[in-house]
Each structure stands twice: as structure tokens, then as C-alpha cells.
Amino acid sequence: MTQQHSTSTTAPRFDRRPEPSVGCAACGSTGLDIFYEIDSVPANSCVLIPTEAETAAFPTGRIRLALCPVCGFIGNTAFNPAVMEYSSRYEPSQGFSPTFRAFARSLAQRLADRYSLRGKTVMEIGCGQGEFLSLLCDVAGSRGIGIDPAYDPVRTVPSPSGPLEFIREPFGPSQASLRPDLICCRHTLEHIQTPGLFIRQVREAIALRTDVAVVFEVPDTGRILREGAFWDIYHEHCAYFTAGSLARLFRSSRFEITSLSLEYAGQYIVLEAAATDRPTSARLELEEDLDDIIESVGAFQRRCAPTIKRWLGLIDQWGRAGERAVLWGSGSKAVSFLTTLGIHRGIRHVVDLNPSRYGTFCPLTGQRIVAPSELKEIQPHHVVVMNPVYMREIDEELHRLGVSARLWPL
């Protein structure tokens, strides 16, 4: 029998108020401004849950986003690391999408060419199961060192061109002796509760080696604020950056910014830097965004609230009409979308390309995660696409499966 879930999530609040209890985790300033709160969200969005019975009791956390008006950093001041799980059950990989793989390969080729990495050593902080590290070493002919406490050796993809070494622990001072030629860190900094301290540790590990290239990639919070994209706010992400706030953090930690760009349809920030002992000042166009951040934070409720109302109305309308709807993409966006809206029975299935996720369930709301092939039986009327960048490949897959459904991009 299918378990019936009661609503266990709470609606977001947009009341503005000061945050007197903590300072900025990036620059240390006080006088933070809270602007977005939710009292109960899944502690993790990407942990594999094997049974529906386990979903309702999944650990929860709180979100209390606060803006630093000095540097523009936004942090979750209610983040609770004690409820987090980064184990072999944590499965955030996007590498089963052809669109994402093409982006990763393009980035790897660019880094290999720009920094002449053949025969050199690349270190990736937060390497997951080593997909990008293996790709980069393959493209560049490099040796790779991956650092991640959630690394699972059974799931490693080997690099044909260069040896890989993995360290199953968080990055810290103990890795200073590894002396890589390039340090990359993709979609990890947003999970670090103390990003200021973390970037200083990276700088200390480099020491006087100003020839070491540093490449960081994070989600662009500027887009989240402008679009009212509440589905891109979740407990795992305790640190939210715009291009300018990320650059300011690196400059304050004695880095010179050599490149700063918005990529992947404007969803990701890619920052490239080199260590320096001289003070540096903003010189790239994307750095000058502090006024825009403050304005966007002020407008977030105005942009977010109508979007929440629209999606609740659509899902209710489909249910009343007896029309089946599924989500495509079972990662953090889907979990945040479902729990923020409190959707339990209006959507019963979530589709994903990652075989590791098939047959598992979404935390709290309990949707079953299925392979695209199951849509032939489900025959949905509506497919809500969690990331518009995948619209073309999803449309092509539905056509191949013989599924006629309307696509609704977020």
C-alpha cells in the first residue's frame, strides 16, 4: 500500500530583520540582514533513500538566509552541520546528462590548454567520485589527486592518461605538502559553512607558489535572486555567492582574479585566480555588483511569491483535471521545489537519468524516482523540467519513448 504523507514542511517567510547573533562567514562583518526563512527542509537533498517508509522521518534543517551588506555574501545562519550526511549514499552526480557532460568536457579542455597541464599535477577539492578529475587528467595528460570524504572507490571512473589518487577526508592543512600545479573546486564551496576560513586555508597551502592556478565553480546567486528561484535554495547550500562576492572573498585572501565568468546558461560562476602577496583591487566587470545584490535581495519576495502561487495553482489544476504530472531531475532543485511547495500527492514520480537513483525516494515528500523508460507506462500529461538547460535533451528522449507531454521549465 502506498504511504500517505502529511504536509511536514513549512512555507517560506520573507520578513526582513537584522541578524545580531553571527558575523559574515566570508568577511567577518556584523550587521547581517535576514530576508528568507524556512523552518523545516530536508537536511540533505541527494542522499539515496531506499524505502518510502523512511522518507517522512528524514532529518531536517532550517534555512535563514542573511545578506552581508559589506561584501555581498549570503549565508544560511541556521545551517546545522550535525544533521548532514556526506557518505557513499550521497549521490549528486549530473554526469548522466549529455548536456552536462559536454559542458564538463569543454571546461576541462579549456583548463588543460590554458594552463599547459600535460605531465603536471591537478588537485580537485570535493571531487565526488572523481568524474571531472578523471576527465581533466584524461584530456590534459595529468596526474590527479582527489579530495572528498564521500569518495567511494567502487564507483571511480579511471583516467586512461594519468594516475589518480584519492584522499577520503576534508581538505585541510594536512594537504599542504601535495604541491599541485592546479587546484580546482567545483560545486563544493557552497557547502562550506566557513568559506572565508576555507579560502584562507587554500591560500596557505599554496604558500609562495604564485604559479599555481586556482579554479572555483559555484552556482550564481545573482540569478537565483533575480528569478525568484526558491528551488535553488536548500540546506546543503549554506554559502551563496554572486560573481562579485566570490571575487571579493578571493581578493581578501591574497588572490589575484585572472578570469571571472558566468557559464552554463548563466547558472554557474567560474573564477580563476593566482596567489599574490600584493593587495589587489576589482578590475573585472562582474565584480562591481554590490548595489545590485542589495536591490535583488530587497525584491526577492516580490519575485518569489507569485512564482510559488503559480506553481501551486498549476499543480492543483492538473490534479482536479485528473492529469498526471512528473518532475524531470531528482536532485536538489526537485527536493527544494517539492518541499517548499509542500507537494506530496499532486506529483507522484520524479524522473532521473542516474541509475543509482532508480527506485529510491525523495525526502519528506516521498515521490518515487524512476527511469525515463517508466514514462511509457506512466504516460504523464505534464513534465516539469527542473533545469531549462536540459529542455532539448528531455524533449528528444520523450519523443524517442513515444510520450506526448507538455514540458514546463522552471
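**View 1. Threonine 121 is a buried residue of the predicted model, with a relative accessible area of 12%.** Buried here means under 20% relative accessible area, exposed means over 50%, and partly exposed lies in between (1.4 Å probe, protein chains only). Threonine 121 has its place in strand β5. Helices (H or I, at least four residues) and strands (E, at least two) are DSSP runs, numbered from the N terminus. Leaving out residues up to four places away in sequence, threonine 121 touches Arg143, Ile145, Pro180, Asp181 and Leu182; contact means heavy atoms within 4.5 Å.

Before you move on, a word about how to read these views. This is a predicted model, in which local features need pLDDT of at least 70 and side-chain atom pairs count only at pLDDT 80 or more, while totals for chains, interfaces and linings use all residues. Residues are numbered from 1 along each chain as its sequence is written, and side-chain values use heavy atoms, with hydrogens and water left out.

**View 2. Strands β5 and β6 pair in the parallel sense.** Strand β5 covers residues 121–125, and five bridges link it with β6. Two strands pair if DSSP finds at least two bridges between them. For one of these bridges, look at valine 122: its partner in β6 is glycine 144. Strand β6 itself spans residues 143–147 and is mostly covered, with four of its five residues buried.

**View 3. Strand β13 is covered on both faces.** This strand takes in residues 325–328. On one side you will find Ala325 and Leu327, on the other Val326 and Trp328, and all of them are buried. Which strands join β13 through bridges? One is β16 (residues 382–385), which runs parallel to β13 and is joined to it by four bridges. Another is β14 (residues 349–351), also parallel to β13, with three bridges. Valine 326 stands opposite valine 383 in β16, and leucine 327 stands opposite valine 350 in β14.

**View 4. Isoleucine 394 sits in helix α10.** The helix runs over residues 391–401. Is isoleucine 394 buried or exposed? Isoleucine 394 is buried, with a relative accessible area of 2%. Setting aside neighbours within four places in sequence, isoleucine 394 is in contact with Trp328, Val385 and Leu407.

**View 5. Serine 259 belongs to strand β11.** At 18% relative accessibility, serine 259 counts as buried. Among residues beyond four places away in sequence, serine 259 touches Arg114, Val270, Leu271, Glu272 and Leu284. To reach isoleucine 369 you would go 110 residues along the chain, and the C-alpha atoms of serine 259 and isoleucine 369 are separated by 39 Å.

**View 6. Alanine 207 and tyrosine 264 are loop residues with positive phi.** Most residues other than glycine have a negative phi. Phi of alanine 207 is near 55°, and phi of tyrosine 264 is likewise near 55°. Alanine 207 lies in the loop between α3 (195–206) and β9 (213–219). The loop that holds tyrosine 264 is between β11 (255–263) and β12 (268–275). How covered are they? Alanine 207 is partly exposed, with a relative accessible area of 38%, whereas tyrosine 264 is buried at 7%.

**View 7. Stepping back, the protein chain has ten helices and 17 strands.** Its radius of gyration is 21 Å, close to the 22 Å that the globule rule gives for 410 residues, so the chain is as compact as a globular protein of that length. The radius is taken over C-alpha atoms, and the globule rule is 2.2 Å times the number of residues to the power 0.38. Along the principal axes, the C-alpha atoms fill a box of roughly 65 × 50 × 35 Å. Buried residues make up 58% of the 410 residues. Of the contacts with a separation of 6 or more, 67% are between residues 24 or more positions apart.
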